[in-house]
Structures are given as structure tokens and as C-alpha cells.
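Work through the exercises below with the sequence and the model open. Try each task before you read its solution.

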Amino acid sequence: MVGAFQGAGVVVTGAGGGIGAALARRFAAEGARVVVNDLDAERAKHVAEEVGGVSVPGDASAIVADARDALDGTVDMYCANAGVAFDGVDAGQALDEKAWATSWDVNVMAHVRAAHELLPTWLERGSGRFVSTVSAAGLLTMIGAAPYAVTKHGALAFAEWLSLTYRHRGVKVHAICPQGVRTDMLAATGSAGDLVLQPTAIEPEAVADALVKGIEEDRFLILPHPEVAAYYQARAGDPDRWLTGMNRIQQQWEDNR
């Protein structure tokens, strides 16, 4: 992969910190021209200055045109990394419709809107790369975070659809599905995150490394925590047994809160 990203135009949303910042740093180190996006303009500017990139702050749903202009008209890879999570006990308690609507808008529709803007050019030239930061919650689930788990399933489904629909036309799609990653979002997950995610949490840089390796190997599904593959297989092979096991974790969480 020597020189694979050299000169490539890369956009990373939600890159003011965490996984997004790690992706921006890694691709800049590989020689890419990087656009750093975040709702927090100051954080985006800080990371952009650090990596020698360009800051394009704002809503991730609406920055494709500005990012394209910042990259002299060409976006080669778009990393849909911005995400949001809300804690709660279950789908009907401690969560209002605004939390669900925001989760759907950021975790799914931002990806749909970006793809809508990017695909015409990519299909015309026969190349483009879309990276979706999904989370293992999109393959499995997450206790205490119904909107997050549900919308991350949606993000994975959209990435799958993009891949099966356009791969023969040169569009590459990758879905990154880590478990716990040491970011502000993990810190905000509270006791549920402490129980399920913290014990095996990795650094954001490990996610960036996994993505580069996955791109090198041309893989759709990228698992920075390899054990997630076995969990995913167990879930598909015996859903009732898997749900029973997850319910035990739910009960353990409830008993310890």
C-alpha cells in the first residue's frame, strides 16, 4: 500500500477528537489531503492544523460541497465517522422522540445524504471509497442504549446496500465495527460502558490501523476487536441462546446500578 493514499482527497466527519481525529492523523501521515469536519469548529481547526489539513466545520449531513471545494474538486474517500449516543434504560423509558430523531439523523441519514452527493461523481469516474464508522453495536447490540444500537444497525445496513449496489462500478465501501474505544463517547456511556466496553477498550489509533489494513485487504467488514466475529456468528447461529446471554448481562447491569 506504499503511496496508496498519497495525494488522495479524504474527508473525515466527527474528527475533532476520538476515532475521527485518529483517522485524520493516519491518512495525513500516509500523504492524503485531509478535510477535518466537526460540529465544534475550534476542535476541527485544531486537528486540521495539526495534520496540515483543512477545517470544514458544521453538520456532517451538509458539508460535502464545501469539502469538495476544499479538496480542489475531488473527494476520493469519505469517512462517515460522526456519531451520537444517548443513554437510557430501554426503548420506552428515559428516552424521548428527540433522542431517537437525532440518533437517526446523525447515525444514518448523514451517511445517506453524503452518499447522495458523492455517488454521481464517483460513478462517472468509476472510483470512490465510502467508510462508515458503525460500531460493534451495529452487528450485535448495546445494553442501555436503544437509539444507538438501532441506528447503528441502520448504518451497517446502508453500508451493505451501498457495497452490493455499486461495487461493480468502482465504489469501495468499508464498515468499521469496534467495541469499546477510549474516547469521550465511551466515557459518557456510564455504568453500561464500564461493564461491557471498558474491559477490552482500545485506543483510537488502533481503529485507524485496522481501517488501513482492511482497505489494503479490500475487506468490507473491519473488526478492530477480532472477537466480534465470533459473537456475530453466535448471534446468527442461535439467536435465542445469544439473546439469553445478553439478557444475563442486562440483569447484571441492573443489579449493579
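**Exercise 1. A residue and its neighbour**

Which residue in β5 does Tyr78 stand opposite?

Solution. The model is predicted, so treat every position as computed. Start at strand β4, residues 77-80. Go across to strand β5, residues 128-133. Tyr78 stands opposite Phe130 there. Four bridges join β4 to β5, and the two strands run parallel. Now look to β1. Tyr78 is the bridge partner of Val11.

**Exercise 2. Strand β1 and its two partners**

How many bridges join β1 to β2, and how many pair β1 with β4?

Solution. Take β2 (residues 33-36) to begin with. Four bridges join β1 to β2, and the strands run parallel. Val35 of β2 is the bridge partner of Val11. To get from β1 to β2, the chain crosses through helix α1 (residues 18-29), and this β-α-β crossover is right-handed. Then take β4. Three bridges pair it with β1, again in the parallel sense. Met77 of β4 is the bridge partner of Val10.

**Exercise 3. Which way do the side chains point?**

Sort the residues of β1 and of β4 by the way they point.

Solution. In β1, Gly9 and Val11 point one way, while Val10 and Val12 point the other way. In β4, Met77 and Cys79 point one way, while Tyr78 and Ala80 point the other way. Are these residues of β1 buried or exposed? The four in β1 are all buried. The four in β4 are all buried too.

**Exercise 4. Two helix pairs**

Describe how α4 packs with α5, and how α1 packs with α2.

Solution. Two packed helices are described by the angle and the distance between their axes. Begin with α4 (residues 97-125) and α5 (residues 146-166). Their axes come within 8 Å and cross at roughly 15 degrees. That makes α4 roughly parallel to α5, because angles under 35 degrees count as roughly parallel. Their crossing is right-handed. Contact residues include Trp100, Trp104 and His111 of α4, and Tyr148, Phe158 and Tyr166 of α5.

Now take α1 and α2 (residues 41-51). Their axes come within 9 Å and cross at roughly 20 degrees. These helices are therefore roughly parallel to each other. This crossing is right-handed. Ala21, Ala24, Arg25 and Ala28 of α1 make the contact with Val47, Glu50 and Val51 of α2.

**Exercise 5. Positive phi**

Where do Asp72 and Asp218 lie, and what is the phi of Asp72 and of Asp218?

Solution. Asp72 lies in the loop between α3 (64-70) and β4. Its phi is near 60 degrees, a positive value in a residue other than glycine. Asp72 is exposed, with a relative accessible area of 69%. Asp218 is in the loop between α8 (204-216) and β7. Phi of Asp218 is near 55 degrees, also positive. Asp218 is partly exposed, with a relative accessible area of 45%.

Conventions
Residues numbered from 1 in each chain as written. Predicted model: local features only at pLDDT ≥ 70, side-chain atom pairs only at ≥ 80, totals over all residues. Heavy atoms only, no water. Buried < 20%, exposed > 50% of the residue type's maximum accessible area, 1.4 Å probe, protein only. Pairing = 2+ DSSP bridges. Right-handed = clockwise from strand over helix to strand, strands pointing away. Axes fitted to C-alpha atoms, helices over the stretch in contact; angles between N-to-C directions. Parallel < 35°, antiparallel > 145°, perpendicular 65-115°, else oblique. Left-handed = near helix turned anticlockwise from the far one by under 90°. Contact = heavy atoms within 4.5 Å.
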